Amino acid sequence: MKTIGFIGCYDKTDFIMCVAKILTMLGKRVLVIDNTLIQKARYIVPVINPTKAYVTEFEGFDVSVGFEDYDSLKRYLAIQEGKEPEYDIALIDIDNIDSFEKFKITSCEKNYFVTSFDLCSLKKGLELLSRVKDPVRLTKILFSKNILKEDDDYLNFLSLGMKIVWNNDYRIYLPIDNGDQSAIIENQRIYKIGIKRLSSQYKDSLSYIVEDIASDVAPQEIKKIFKIIEKEV
């Protein structure tokens, strides 16, 4: 199972859900693990009998909420399914150092640092990274109204001395004020993951992430899936 970490204190759950749906439609068996302190997935993903910790199916992939570590999650799935869990990809949403360590984020195949440039999200996310014990390679996912080199330079400055190896080959920008939030709220209201009303920049960024994670899938196949999802209500 390929594990992918999404690290940071910015609200990234809806974005991760979009990534999960696209990967699922590409034929991947996907598990989203929400191990954030607020556990937003508990409130936006429908479940019949929610408990302290559970796994539920949503839009073709599974969502895990409330498990302390991999071992407790695996025990739950083994009891429910009678076998070891079989997933191709696990997307792990974390915003605290305990989850970082218990879900062995430094061992993930890929890790992304997700933030906006409001000081609360940025500094809380970097506070988490400052407590990381072993070097970790991160690709930046930056939510910003404008693409400014000064913002990226500021992030690099604040992270000096931390055990971070930034992926300098590319960074991914997502719009923070292009009407995307209204589309996301509508998705939450109807319990669906739709991308039709998202901005072209947001969709392009989703495509970059999916291509990076599903490197075994041809880019043209990903484009076909986007066209299918865009036709959905």
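**Close-up 1. Cysteine 9 sits in the loop between β1 (2-7) and α1 (13-25).** Welcome to the first view, which comes from a predicted model: local features need pLDDT of at least 70, side-chain atom pairs count only at pLDDT 80 or more, and totals for chains, interfaces and linings use all residues. Residues are numbered from 1 along each chain as its sequence is written, and side-chain values use heavy atoms, with hydrogens and water left out. The helices (H or I, at least four residues) and strands (E, at least two) are DSSP runs, numbered from the N terminus. With a relative accessible area of 24%, cysteine 9 is partly exposed; that label covers the range between buried (under 20% relative accessible area) and exposed (over 50%), using a 1.4 Å probe and protein chains only. Not counting residues up to four places away in sequence, cysteine 9 touches Asp95, Val114, Ser121, Lys124 and Gly125, where contact means heavy atoms within 4.5 Å. Phenylalanine 61 is 52 residues from cysteine 9 in sequence and 24 Å from it in space, C-alpha to C-alpha.

**Close-up 2. Glutamine 39 and lysine 104 each have a positive phi of about 50°.** Look for glutamine 39 in the loop between β2 (30-35) and α2 (41-44), and for lysine 104 in the loop between α4 (97-102) and β6 (110-116). Are they buried or exposed? Glutamine 39 is buried, with a relative accessible area of 19%, whereas lysine 104 is exposed at 55%.

**Close-up 3. Serine 99 is part of helix α4.** Here the relative accessible area is 4%, so serine 99 is buried. Apart from neighbours within four places in sequence, serine 99 is in contact with Asn35, Ile94 and Ile105.

**Close-up 4. Glutamine 188 belongs to helix α7 (residues 180-190).** This residue is partly exposed, with a relative accessible area of 23%. Setting aside neighbours within four places in sequence, glutamine 188 has contacts with Asp14, Lys40 and Ile44. Glutamate 59 lies 129 residues away from glutamine 188 in sequence, and the two are 13 Å apart in space, C-alpha to C-alpha.

**Close-up 5. Helix α8 runs over residues 200-213.** How far apart are the end C-alpha atoms of α8? They are 20 Å apart, which agrees with the 20 Å that its 14 residues should span at 1.5 Å a residue; the expected span is 1.5 Å times one less than the number of residues. Among the buried residues of α8 are Tyr202, Leu206, Ile209, Val210 and Ile213. As a handy reminder, an α-helix has 3.6 residues a turn, so residues three or four places apart point the same way.

**Close-up 6. Helix α8 meets helix α9 (residues 219-230), with axes that come within 11 Å and cross at roughly 135°.** Axes are lines fitted to C-alpha atoms, for helices over the stretch in contact, and angles run from 0 to 180 degrees between N-to-C directions. The two helices, α8 and α9, are therefore oblique to each other; angles under 35 degrees count as roughly parallel, over 145 as roughly antiparallel, 65 to 115 as roughly perpendicular and the rest as oblique. On the α8 side, the contact is made by Lys203, Leu206, Ser207, Val210 and Glu211, and on the α9 side by Pro219, Ile222, Phe226 and Glu230.
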